[in-house]
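Here are my notes on the model, written to be read with the structure open beside you. Please check each point by eye as you go.

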Amino acid sequence: MRAWADRWVALGGNGGQPLTESPLPPAPGDGEIFDPDFAAACVECRPNQPCCLVSGSVTDSTDDTRKITWPLADIEVDGECRKATTLLVVAKEVEGRHLSAKVKAEWDQPTCQVGHTDRPSLITSGLTEGQQRLDTPPSEVALGYPQFLNMSMALRNYVPENVLQAVFAMDAILAFKSTLQGRDGAHFTPNQCVTDDAMGQTLRVVALPYAKLSGELKLALRLVFSTAGIDVNAQAKGSFEGQFGPYQLRAQQSMDHTARTGEAREPGGSRAPGLIGTMADVIETLEFYLGKGNTREQPSRNRTQYASRIVMSQSLTFAPEAVELMPVESSPDLQLAIGGLTSTFKLGVTGRLDFIDALATAFTTQIGAAAIQEAREKMASGRHVKATLEAYLELGAEGTLTHGIASGVTLRLPAHGDPDVAMEGLEQEFEGELKISGKAEIAIEIEAKVWVIIAKAGVSGSLHTSWAWKVRLQDGERQRRRDFEGVVVAYKAHAEVSAESKEGNAEQTGPNMGGEASDEQQWEDLFERVDEDIEESTAKSEEIQDDRDESASESDTEDDPDEEEVTIWKKKEGTWETY
């Protein structure tokens with residue numbers, strides 16, 4: 001270094017005067033001296049090697065044998081040598097909205113040779129407290145698995161917590177591949193001036209919820225939807241014991257749960273995986289379309305404004321056997337034991353979904369929405385108006401989702417490697433479809449003016465629309481899909497008709513009950529009532545489906561040039577997604 005300094009001075013540097021101190025400012029750092037000894041080499045620094053942080057680790061706080069390290073350790077994966085960068089941990093605690101696990105980050109801690117006060121350190125993301133910089137080793141931090149139960153309020157408000165946690169725990173474990181392949185988890189990245197591949201690599205820790213499940217759990221759920229809100233009866237029974245995170249689960253006796261909400265909210269977009277997500281999505285879908293069809297951009301109506309009324313019944317049998325997720329000692333992997341699983345979910349839906357306001361909005365220029373809305377307002381206020389207003393879907397539903405897993409399976413869930421290889425040992429069946437069919441009835445007559453409006457058949461031939469939820473097992477992956485055929489009507493200009501004045505107020509057929517719904521109550525055996533509802537729903541769905549041929553024959557006729565098609569609700573075509 002002295003030779004280089006003298007050469008620089010000889011070439012005219014520093015005005016030809018000998019150097020007595022560094023011409024560089026002392027920053028970065030707080031001291032006034034940049035080098036320990038002016039013009040002396042920094043002997044701690046080695047060319048092409050990390051300058052400060054040369055080793056470290058991230059360790060499972062519950063087991064010191066489970067860790068990933070810097071420099072990266074070699075690990076054998078499917079017969080090949082790879083570098084270990086990922087650690088799987090089990091979340092058994094709760095922090096905020098997360099089930100959480102703790103890990104301990106350690107690294108050697110020399111001071112920065114050039115005076116940086118924030119180096120060496122670890123830059124982290126994905127912790128329960130967000131992004132952090134860890135400056136002092138050892139540092140224990142928490143990472144989490146999001147509690148999707150908080151994101152499925154359509155179920156959490158109505159279903160006993162034990163039931164949700166038990167089913168969710170199983171789905172969360174079986175969604176292991178999606179979790180591992182996603183961006184979830186906590187990340188730890190060394191922060192120093194000079195690094196290399198071994199010390200610059202980001203380490204990742206992924207948490208899965210602890211689960212231990214065994215026994216049989218049965219659920220009967222009955223929801224009555226209306227424009228005034230939702231009334232719910234739920235009952236769970238069975239001999240079931242288990243644990244989900246820190247929560248102890250038991251269902252050794254019957255439980256009753258009743259809830260009522262005064263408004264029908266728009267769907268929150270359930271993100272929960274598996275059956276819990278599907279159950280929530282069905283409920284949220286009906287809530288959403290009930291509000292869209294009947295409230296004119298208002299999210300709720302009071303109990304004097306009944307127009308829609310839908311009864312949804314759900315039946316679930318969930319029977320896991322000897323299921324437990326455990327960490328593997330001296331390894332970054334986890335182990336899943338499954339003695340067996342049987343799960344059956346059935347759906348029933350009956351009633352009428354009113355969409356008169358959506359119809360009026362769609363025909364703003366052609367039919368005169370003001371006329372319909374004015375008639376509705378007069379009807380609600382008790383004033384006399386000569387009118388008939390009908391626009392609703394008569395609903396029926398049928399379908400079953402089943403999931404079965406063969407007994408006696410122990411799976412190694414790998415932190416590295418192909419998750420599909422691990423799941424190959426899982427013999428399972430996963431199939432089914434839930435379908436809500438709707439037959440439209442429309443009749444609009446206001447002050448002797450009749451509008452001819454007919455509903456068009458859905459694209460799959462159902463009369464006149466349907467919502468469908470499907471699941472399947474494809475190449476070892478569980479997949480789901482949701483479709484909606486939409487609602488399309490054909491409009492023909494109104495005509496004047498001769499009609500005698502009607503006595504009393506406007507007519508609006510359907511469940512215009514005015515006051516409290518008639519069957520908001522508890523039953524001696526809710527399970528029997530739900531079974532009866534599902535049988536009734538299946539019969540109604542079959543009746544609607546039997547009208548396909550008639551609908552198809554009508555659609556074969558030439559289109560009326562005087563008709564104009566108008567979309568009330570748009571079609572939504574889904575895609576198969578893995579979960």
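What follows is a list of numbered points on the cores, the charges, the backbone and a few contacts across the chain.

1. Before anything else, keep in mind that this is a predicted model. Local features are reported for pLDDT of at least 70, and side-chain atom pairs count only at pLDDT 80 or more.

2. Let's start with the inside. Which residues touch the most other members of the largest nonpolar core? They are F188, L359, I436 and W569, in a core of 126 residues. There is also a second, separate core made of five residues, among them A220, F527, V530 and I534.

3. Now the charges. In general, side chains of opposite charge can pair when their charged atoms come close. Here the count comes to 15 salt bridges, and I picked out a few to look at one by one.

4. Take the pair R66 and D60. Their side chains form a salt bridge, with N and O 2.8 Å apart. Is R66 buried or exposed? R66 counts as buried because its relative accessible area is 0%. D60 is at 5%, under the 20% cut-off, so D60 is buried as well.

5. For contrast, have a look at K83 and D74. These two side chains also meet in a salt bridge, at 2.6 Å from N to O. K83 has 44% relative accessibility, so K83 is classed as partly exposed. D74 reaches 52%, and because the line for exposed is drawn at over 50%, D74 counts as exposed.

6. Helix α10, residues 526-546, holds both partners of another pair, K540 and E543. They sit three residues apart, about one turn of the helix, and their closest N and O atoms are 3.4 Å from each other in a salt bridge. K540 comes out as buried because its relative accessible area of 18% is under 20%. E543, at 44%, is partly exposed.

7. In sequence G438 and K540 are 102 residues apart, yet their C-alpha atoms are 9.9 Å apart in space. Where does G438 sit? Its place is in strand β25, which covers residues 428-446. G438 has a relative accessible area of 0%, so G438 is buried.

8. L334 belongs to strand β21, and L334 counts as buried because its relative accessible area is 0%.

9. On the surface, look for a patch of negative charge. Which residues gather there? The patch is formed by E76, D78, E80, D418 and E424. D418 is placed in the loop between β24 (409-413) and α9 (419-423). With 34% relative accessibility, D418 falls between the 20% and 50% cut-offs and so counts as partly exposed.

10. Most residues other than glycine have a negative phi, and most peptide bonds are trans. Please look at the exceptions below with that in mind.

11. Two cis peptide bonds deserve a look. One joins W70 and P71, with omega at about -15°; P71 is in the loop between β2 (67-70) and β3 (74-77). Another joins P137 and P138, with omega at about -10°. P138 is found in the loop between β9 (130-134) and β10 (139-146).

12. A322 has a phi near 50° and is in the loop between β19 (309-321) and β20 (323-327). Its relative accessibility is 47%, so A322 is partly exposed. S330 has a phi near 60° and is in the loop between β20 and β21 (334-338).

Definitions and conventions
Residues are numbered from 1 along each chain as its sequence is written. Side-chain values use heavy atoms; hydrogens and water are left out. Helices (H or I, at least four residues) and strands (E, at least two) are DSSP runs, numbered from the N terminus. Buried means under 20% relative accessible area, exposed over 50%, partly exposed in between (1.4 Å probe, protein chains only). Patches are made of residues with over 30% relative accessible area and no salt bridge: like charges are joined within 9 Å, nonpolar side chains (Val, Leu, Ile, Met, Phe, Trp, Tyr) within 5 Å. Accessible areas come from the Shrake-Rupley method with a 1.4 Å probe; for residues, only the protein chains shown count as cover. A salt bridge is a side-chain nitrogen of Lys or Arg within 4 Å of a carboxyl oxygen of Asp or Glu. Lys and Arg count as positive and Asp and Glu as negative; His and the chain ends are not counted. The place of a charge is taken as NZ of Lys, CZ of Arg, CG of Asp or CD of Glu. A nonpolar core is a set of buried Ala, Val, Leu, Ile, Met, Phe, Trp, Tyr and Cys residues joined through side-chain atoms within 4.5 Å.
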